[in-house]
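Dear colleague,

I am handing over the structure below, and after it I set out what was found. Please read the notes with the coordinates open beside them.

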Amino acid sequence: MLLASSCAFVPRHTGARCNRPSIKTLEQFLSCGLWKIAPPLLTASSSSKATEETPPENVEETVQPINDLESLTRTDGSSSSEKSNSSKRRTSQKIVFPPPQPASEFPDWAFEPRSFFSYELIHRSSKSQARVGKIHTPHGTIDTPGFVAVATNGALKGVDFRDADASGQQLVFANTYHLLLHPGPDIIEEAGGIHKYTRRNRPFITDSGGFQVFSLAYGSIREELESKGELKRATTRVKDGYRTDVVGHDAVKITEDGVVFRSYRDGTKFLLTPESTVQAQKKIGADIIIPLDELPGYYVDRDKLHESLERTHRWEARSLQEHLKDVRQQAMYCVVHGGVDPEFRRKSVDYLTSLPFDGFGIGGSLGNGRKELRELLSWLMPMFETGDRSRKPRHLLGIADEESIRHAVTLGIDTFDSCYPTRLGRHGTVMSRQGTIKLKSSSHARSFGVKIDSECNCPTCQIYDRAYLWHLFKANEPIAVTLAATHNIHYMNDLTKSIRDDIMNDRL
């Protein structure tokens with residue numbers, strides 16, 4: 001079911017012509033006024049004269065894929081067949097989009113401190129850039145550095161919120177893409193927002209859905225890296241084969257206005273724009289929200305990476321403008337992009353930190369493996385130490401394995417989100433101070449009285465031993481997943497607490 005304020009069907013093109021002026025320079029583009037209308041397509045007005053410049057209401061248009069940008073951004077009004085026939089006679093022209101909105105176009109009050117959200121620095125290590133702080137939100141305080149558990153559909157996989165909270169879980173990450181498809185932001189809003197809907201009165205953060213849209217085309221980050229950027233193969237089975245429009249190239253189309261994707265549930269087509277994702281997150285009601293961004297793959301060429309970065313900056317500025325229309329005691333983090341390119345990363349940091357965002361997300365492609373991630377953060381994070389940048393929290397998106405956390409905190413990262421701990425638990429692997437343990441291994445069949453971790457005080461370790469947990473997993477008992485995932489969540493919160501202690505004592 002479509003939501004009136006957060007998504008829309010994307011129509012198809014019927015071949016009607018659309019006469020538009022030829023625009024060759026940025027000055028001509030700005031002077032003609034087209035940039036004031038949702039780019040790059042004109043919208044129908046109430047005047048009958050608009051029919052010469054825009055398709056009639058019953059004429060539908062195709063949203064072209066990102067790799068067909070040339071045909072998407074032509075301004076001469078020719079039909080697709082005319083474009084093909086004239087390609088030998090002339091060079092097609094592309095719309096030069098105006099630069100993203102500068103800080104001067106945002107209201108002065110937006111740059112003032114928020115009464116409902118702030119970052120408090122407690123201590124900075126004398127050995128590194130590591131810092132201990134507190135993020136104050138309307139639903140509680142978040143101690144940093146801190147682990148952020150991922151509740152994709154508004155629920156942790158295999159773990160009750162009450163058990164997670166008892167283990168020290170403060171901030172939880174929910175996914176707008178999945179909540180948009182089900183149950184829908186309208187239902188969550190009717191319930192009173194995500195806190196009342198889930199009966200959890202602690203901080204939530206939601207993303208824009210951009211990462212999941214990227215995943216529809218390329219799969220997970222690991223799959224994209226292993227395939228060297230090859231598009232994901234369709235895996236949704238139908239009567240006559242597999243649906244190529246739900247995953248892979250046909251599933252995701254990116255335009256200046258937003259991103260078009262199909263529901264993995266029923267194939268329904270949605271249009272997600274910077275404005276609609278903010279409207280959806282307003283209805284969901286998380287304490288921290290994130291603007292729409294594009295996530296190009298690791299293997300994208302530099303020109304397309306730059307093109308994507310500029311589009312992301314325009315999208316994030318539009319998202320922020322939409323957010324500021326009705327703040328609702330929600331903070332908004334920007335997402336810094338640029339891949340592994342130092343020039344693009346600096347450009348992204350300089351632009352986004354000039355706008356009145358409440359915190360900084362580190363996103364985009366973060367390298368091919370932990371080594372490249374460490375190198376990237378080593379030259380990126382010092383950029384956040386100048387001026388007022390150091391007064392706002394920093395979040396590393398989608399990465400929270402123990403090795404990466406231990407290194408990233410020394411560079412000043414405050415929070416980390418990942419579904420890694422609960423995913424491990426679902427597959428029978430648990431975390432310990434001695435390393436990961438595979439409970440399905442027969443070596444644990446007689447580990448009577450041996451806890452997962454001798455120093456852990458979680459409910460699982462307090463009651464059960466490895467031998468019984470081995471049995472539960474081998475017998476496919478559902479409770480096994482809950483016990484393992486609960487332990488892993490507890491372990492991650494113990495880990496970040498010990499890291500905070502080490503920073504406070506200048507050991508890290």
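L121 has G133 as its bridge partner in β2, and this pair belongs to the stretch where β1 and strand β2 (residues 131–137) run antiparallel, joined by 6 bridges. Please keep in mind throughout that this is a predicted model. The two strands are part of an open sheet of 3 strands, with the order β1-β2-β3 and antiparallel pairing. Its edge strands are β1 (118–124) and β3 (140–144), each of which pairs on one side only, and from one strand to the next the twist averages 20 degrees. Helix α18 lies across β1, β2 and β3, and it runs at about 125 degrees to β2.

The helix α18 (479–504) comes up again in several places. One of its residues is T486, which is buried, as its relative accessible area is 7% and the cut-off for buried is under 20%. When neighbours within four places in sequence are left aside, T486 is in contact with V159, D163 and T460.

In α14 (residues 402–409), the residues S404, I405, A408 and V409 are buried. Why do they lie on the same side of α14? They cover an arc of only 120 degrees around the axis, and this places them on the same side of the helix. The buried residues of α14 pack against β2, α13 (370–380), β15 (394–396), β16 (415–418) and α18.

Turning to the nonpolar cores, the largest has 76 residues, and those with the most contacts inside it are I362, L377, F384, L396 and F416. The element that gives the most to this core is α18, with 7 residues. A second, separate core has 13 residues, including C456, C458, L483 and A484.

Helix α17 (residues 466–474) has R466, A467, L469, L472 and F473 as its buried residues. Just after α17, N476 takes a positive phi of about 60 degrees, which may be worth a look when you go through the backbone torsions.

Strand β9 (residues 252–254) pairs with β10 in the antiparallel sense over 3 bridges, V252 having F261 in β10 as its bridge partner, and the two strands form a hairpin with 4 residues between them. On its other pairing, β10 meets strand β11 (residues 269–272), again in the antiparallel sense, over 4 bridges, and here V260 stands opposite L271. The hairpin of β10 and β11 has 6 residues between the strands, and in it G267 takes a positive phi near 80 degrees. Which residues of β10 point one way, and which the other? From this strand (residues 259–262), V259 and F261 point one way while V260 and R262 point the other way, and all are buried.

With best regards

Methods. Residues are numbered from 1 along each chain as its sequence is written. This is a predicted model: local features need pLDDT of at least 70, side-chain atom pairs count only at pLDDT 80 or more; totals for chains, interfaces and linings use all residues. Side-chain values use heavy atoms; hydrogens and water are left out. Buried means under 20% relative accessible area, exposed over 50%, partly exposed in between (1.4 Å probe, protein chains only). Two strands pair if DSSP finds at least two bridges between them. Contact means heavy atoms within 4.5 Å. Axes are lines fitted to C-alpha atoms, for helices over the stretch in contact, and angles run from 0 to 180 degrees between N-to-C directions. The arc is that of the directions from the helix axis to the C-beta atoms. A nonpolar core is a set of buried Ala, Val, Leu, Ile, Met, Phe, Trp, Tyr and Cys residues joined through side-chain atoms within 4.5 Å.
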